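Subject: Structure handover

Hello,

Here is the structure I promised to pass on. Please open it alongside this note, and then read on for what turned up.

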Amino acid sequence: IISRTQHHRIVIVIIYSHLSSVICHLSSVIVIIIIIIMAARNSCTHITWAEAKGKAGANNNSHGGKKKTAVRQVNHGQALTAKIVVKNSAPAEFNQAELRRARRQDEKTAALARKLANERELEKQHQDVVQPHDQAKERMSEVALELQAEAVKLSAGSDITSSVDLSEMQQIVQCREMQLDEIMALEAIFVDTDEFLVAAESNADELRGKIEDWQADEENEALLTSVVQHPPLSYSLQLSIDGSNEDQMDLVASLLLKVTLPPMYPESALPQFEVAYFVVTDRTAVCSADKPLESLVNLQEDKLLEALLEQAQQIVPDPCVYELAVMWLTDNLFDFCVLHTHGQLQAKKS
């Protein structure tokens with residue numbers, strides 16, 4: 001008979017022996033698993049992915065599978081660039097619109113370049129070509145400046161300042177005051193132009209100052225004498241007068257009229273007129289720059305001056321220069337012009 005204590009010890013020994021056996025079996029299994037895993041890893045490290053794919057392909061071919069198409073070699077740099085462009089670029093519709101806009105801009109730029117080239121070519125072809133009308137106006141201005149610097153002279157018998165009595169001297173002062181007023185009116189009409197030039201020797205401002213001084217002291221004979229003996233007032237008018245458009249020519253006259261006022265104008269004397277320059281040209285004509293400037297018409301100057309004096313006779317004792325030089329000449333100048341021979345030839349060519 002076994003005691004209870006011994007029975008417990010026997011049970012514990014039996015359980016321990018079973019557990020030892022189980023642990024030994026488990027250890028053996030674990031060792032076997034570890035060996036299998038290591039063997040598998042060693043076998044994988046001796047073959048690459050490409051070799052595995054090749055073997056798989058060979059096996060497929062050996063079993064009658066389809067032949068795999070060779071993969072095209074791609075430049076990885078180009079592929080990367082293409083991906084970046086696609087990622088950062090605008091939509092295709094936008095790119096097309098931009099291309100069309102750029103194309104139109106290029107066409108406009110090319111057209112403008114062609115236009116500028118043509119203009120430069122035309123300018124080069126016409127750089128030695130001038131308009132006679134412009135030449136005539138330039139020459140008329142030059143002559144006017146020359147007249148402005150010249151000494152003022154009256155025709156014979158017009159200068160009476162050396163043999164006049166006191167009443168006549170006073171009348172001269174009144175006439176010269178009226179002359180100055182007429183000059184002031186003409187300056188206002190031709191303001192901001194060089195078409196009206198008073199002769200330097202006339203010195204209109206000085207004459208006006210003398211008259212004002214004498215009016216403040218009319219008993220001063222010295223001042224009165226200085227007004228009477230002051231140089232005559234003289235000036236020039238540059239006129240451009242359109243003619244009739246006959247024979248398909250646009251005629252225009254460039255007339256420089258010199259006017260000199262005697263001491264007793266406008267009370268009892270007429271102004272003196274002189275044609276200082278006269279040329280008639282075709283406003284639209286062009287010619288070579290080295291061709292001499294010629295008038296298309298001949299002016300009947302004596303008849304014109306005679307008609308001016310006849311008209312002046314009807315206007316005095318009122319000032320008459322503006323009415324004659326601007327109004328009457330504009331309407332009647334071409335009545336005293338005869339078309340020159342070469343002007344007739346030019347009209348026939350037109």
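First, a term you will need: a residue counts as buried under 20% relative accessible area, as exposed over 50%, and as partly exposed in between. Asp-181 shows how it works: its relative accessible area is 40%, so Asp-181 is partly exposed. Please keep in mind that this is a predicted model.

Overall picture

The protein has 11 helices and 8 strands. It runs to 350 residues, and 28% of them count as buried. The accessible surface comes to about 23,900 Å². Carbon and sulfur atoms hold 55% of that surface.

Salt bridges

How many salt bridges does the structure hold? There are 6. Three of the residues involved, Arg-139, Glu-142 and Glu-146, are linked in a network.

Start with Arg-139 and Glu-142. Their side chains meet in a salt bridge at 3.0 Å, N to O. Where do the two sit relative to each other? Both are in helix α5, and they are separated by about one helical turn because they lie 3 residues apart.

Arg-139 also meets Glu-146. That salt bridge spans 3.9 Å, again counted N to O.

Now back to Asp-181. Its side chain meets that of Arg-208 in a salt bridge of 3.9 Å, N to O. This pair links distant parts of the chain: Asp-181 belongs to helix α6 and Arg-208 to helix α7 (residues 204–216), 27 residues apart. Arg-208 has a relative accessible area of 25%, which makes it partly exposed.

Surface patches

One is negative. Glu-150, Glu-274, Glu-301, Asp-302, Glu-306 and Glu-310 form it. Which element gives the largest share? Helix α9 (residues 301–315) does, with 4 residues. Glu-150 sits elsewhere, in the loop between α5 (132–149) and α6 (166–189). Patch residues need over 30% relative accessible area. Glu-150 has 38%, so it is partly exposed.

The other patch is nonpolar. Val-11, Ile-15, Leu-19 and Ile-23 make it, and it covers about 350 Å². To find it, go to helix α1 (residues 4–44), where Val-11 lies. Val-11 is at 33% relative accessibility and therefore counts as partly exposed.

Where to look

Move on to the link between helix α6 and helix α7, made by Asp-181 and Arg-208. Then turn to helix α9 for the negative patch. End at the nonpolar patch, which includes Val-11 and Ile-15.

Best wishes

Note on methods: Residues are numbered from 1 along each chain as its sequence is written. This is a predicted model: local features need pLDDT of at least 70, side-chain atom pairs count only at pLDDT 80 or more; totals for chains, interfaces and linings use all residues. Side-chain values use heavy atoms; hydrogens and water are left out. Buried means under 20% relative accessible area, exposed over 50%, partly exposed in between (1.4 Å probe, protein chains only). Accessible areas come from the Shrake-Rupley method with a 1.4 Å probe; for residues, only the protein chains shown count as cover. Patches are made of residues with over 30% relative accessible area and no salt bridge: like charges are joined within 9 Å, nonpolar side chains (Val, Leu, Ile, Met, Phe, Trp, Tyr) within 5 Å. A salt bridge is a side-chain nitrogen of Lys or Arg within 4 Å of a carboxyl oxygen of Asp or Glu. Lys and Arg count as positive and Asp and Glu as negative; His and the chain ends are not counted. The place of a charge is taken as NZ of Lys, CZ of Arg, CG of Asp or CD of Glu.
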